[in-house]
Amino acid sequence: MNGNKAFWGIVTAAAVGAIIGLLFAPEDGDKTRKKIKKKTNSLATELIEALEKSKEKVSSVTGQVKEAGEEYKDAAWDKAEEYSDAAKNEINKY
């Protein structure tokens, strides 16, 4: 969760810094607006790429958790069958 906050902090700071830098640049309005648009598009592209990587990572982790859960379920089922068989054997002794 802290990594997520840090990521958004960096993205926000970069965007604000870029916009402030462009607004105080000694160029005419058309050039400044074009630079802002280009920088905004660049930041949006970087953000989309970062979100896609995060999505892939979450998907991978979800798969791993699901697989581990299936393994635990199977192990618990096997153990339950083992105890059930042992109990039946004890009952059959009498």
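Student: Why is F24 called exposed?
Tutor: Its relative accessible area is 71%, and exposed means over 50%, buried under 20%, and partly exposed in between (1.4 Å probe, protein chains only). F24 therefore counts as exposed. This is a predicted model, in which local features need pLDDT of at least 70 and side-chain atom pairs count only at pLDDT 80 or more, while totals for chains, interfaces and linings use all residues. Residues are numbered from 1 along each chain as its sequence is written, and side-chain values use heavy atoms, leaving out hydrogens and water.

Student: Where does F24 lie?
Tutor: F24 sits in the loop between α1 (2-23) and α2. Helices are DSSP runs (H or I, at least four residues), numbered from the N terminus.

Student: What makes V16, I19, I20, L23 and F24 a patch?
Tutor: A patch takes residues with over 30% relative accessible area and no salt bridge, joining nonpolar side chains (Val, Leu, Ile, Met, Phe, Trp, Tyr) within 5 Å and like charges within 9 Å. V16, I19, I20, L23 and F24 form such a nonpolar patch on the surface, with about 510 Å² of accessible area together (Shrake-Rupley method).

Student: Which residues form the negative surface patch?
Tutor: E46, E49, E52 and E56 form the negative patch; Asp and Glu count as negative. One of them, E52, is in helix α2 (residues 29-92).

Student: What makes K79 and E82 a salt bridge?
Tutor: The N to O distance is 3.6 Å, so K79 and E82 meet the cut-off. This pair too is in helix α2, three residues apart. K79 has 38% relative accessibility and counts as partly exposed; E82, at 44%, is partly exposed.

Student: Why is K93 called exposed, and E90 partly exposed?
Tutor: K93 has 59% relative accessibility, so K93 passes the exposed cut-off. E90 has 41% and therefore falls in between. Their side chains meet in a salt bridge at 3.1 Å, N to O.

Student: How many salt bridges does the structure hold?
Tutor: Four.

Terms used
Accessible areas come from the Shrake-Rupley method with a 1.4 Å probe; for residues, only the protein chains shown count as cover. The place of a charge is taken as NZ of Lys, CZ of Arg, CG of Asp or CD of Glu. Helices (H or I, at least four residues) and strands (E, at least two) are DSSP runs, numbered from the N terminus.
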